[in-house]
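Thanks for making time this morning.

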Amino acid sequence: MTVGQQRAWDTHWERLGRDVKELPEGPVDFSGWFGREAPVLLEIGSGMGETTSQLVADAPDVNYVAVEVYKPGLAMLILRAELLGVDNLRLLRGDAVDLITEHVPEASLSGVRIFFPDPWPKKKHHKRRLVQPDFVSLLASRLVPGGMLHLATDWENYADQMMAVCSAEPKLDNPHAAEPGGWAPRPEWRPVTKFEQRAVEEGRISHDLMFLRNTLT
């Protein structure tokens, strides 16, 4: 890590972060951790925090939780959040599947965001992709009724896989089903990530998918 990242980590991690493997059994007390009651939004894979920090700053009324495995990325996110003066961010280092399965209750999240996950572009590696039926079903069960699962990717065949998986999940509805391909319009509030900028330069089109937790299942 850089000197700045290390300083941010040493100064703020104890207050802002926890390791998934070191969490006590049972649900995380997000209200107690944030010191307030507010909708909890989970972002999976915050990378180096460029866009996450902006999203957190733009949503002061949300308890924003980012889970990421990469320590320097979390440290950079802490640094960016510090520069923006935000205090509605908490960080979890570790595996998102373990976190959600063991420490996030059903119907407790107002939203889940997964922006530009690793596409594993080779066909033989597609099974390693994060967005799979079992995982989407797990995420859907953790959303409150009306809560949103928001995905974005610049890899066309991964976008198609995401759409097929989410459309097949009975706990989710696509409010943009009438749009071409069922894709959601790109929201103006979502900052352009470095991955998305690279995709533009390489001629790839990014797709957003927004699915809502229904009340029928």
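I will start with the whole chain and then move to the details.

What you see is a predicted model. The protein has eight helices and eight strands. For its overall dimensions, the C-alpha atoms fill a box of roughly 45 × 40 × 35 Å along the principal axes. The radius of gyration is 17 Å, and a compact globule of 217 residues would come out near 17 Å, so the two agree. As for burial, 51% of the 217 residues are buried.

Now the helix. Helix α6 covers residues 133-142, and seven of its ten residues are buried, so the rest of the structure largely encloses α6. Which residues of α6 are buried? They are Phe-135, Val-136, Leu-138, Leu-139, Ala-140, Ser-141 and Arg-142. In an α-helix there are 3.6 residues a turn, so residues three or four places apart point the same way.

Next, the salt bridges. Side chains of opposite charge can pair when their charged atoms come close. The structure holds eight salt bridges, and I will go through some of them.

Take Glu-82 and Arg-7, which form a salt bridge with the closest N and O atoms 2.9 Å apart. Glu-82 belongs to helix α4 (residues 71-84) and Arg-7 to helix α1 (residues 3-16), so this pair ties together parts that lie 75 residues apart in sequence. Glu-82 has 33% relative accessibility and counts as partly exposed. Arg-7, at 38%, is also classed as partly exposed.

Arg-190 and Glu-196 meet in a salt bridge through their side chains, at 2.8 Å from N to O. Arg-190 also pairs with Asp-208, where the closest N and O atoms are 2.8 Å apart. Asp-208 sits in strand β8 (residues 207-213), while Arg-190 sits in the loop between β7 (172-173) and α8 (194-201), so the bridge ties together parts 18 residues apart in sequence. Through shared partners, salt bridges join Arg-186, Arg-190, Glu-196 and Asp-208 into one network.

How accessible are the members of that network? Arg-190 counts as buried, at 2% relative accessibility. Glu-196 is buried as well, with a relative accessible area of 6%. Asp-208 is buried too, at 3%.

Last, the charges on the surface. Where does negative charge gather? Glu-25, Asp-95, Asp-98 and Glu-102 make up a negative patch on the surface. One of them, Glu-25, is placed in the loop between β1 (17-19) and α2 (30-34). Its relative accessibility is 81%, so Glu-25 counts as exposed.

There is also a patch of positive charge on the surface, formed by Lys-122, Lys-124, Lys-127 and Arg-128. With 52% relative accessibility, Lys-122 counts as exposed.

Key: Residues are numbered from 1 along each chain as its sequence is written. This is a predicted model: local features need pLDDT of at least 70, side-chain atom pairs count only at pLDDT 80 or more; totals for chains, interfaces and linings use all residues. Side-chain values use heavy atoms; hydrogens and water are left out. Patches are made of residues with over 30% relative accessible area and no salt bridge: like charges are joined within 9 Å, nonpolar side chains (Val, Leu, Ile, Met, Phe, Trp, Tyr) within 5 Å. Accessible areas come from the Shrake-Rupley method with a 1.4 Å probe; for residues, only the protein chains shown count as cover. A salt bridge is a side-chain nitrogen of Lys or Arg within 4 Å of a carboxyl oxygen of Asp or Glu. Lys and Arg count as positive and Asp and Glu as negative; His and the chain ends are not counted. The place of a charge is taken as NZ of Lys, CZ of Arg, CG of Asp or CD of Glu. Helices (H or I, at least four residues) and strands (E, at least two) are DSSP runs, numbered from the N terminus. Buried means under 20% relative accessible area, exposed over 50%, partly exposed in between (1.4 Å probe, protein chains only). The radius of gyration is taken over C-alpha atoms; the globule rule is 2.2 Å times the number of residues to the power 0.38.
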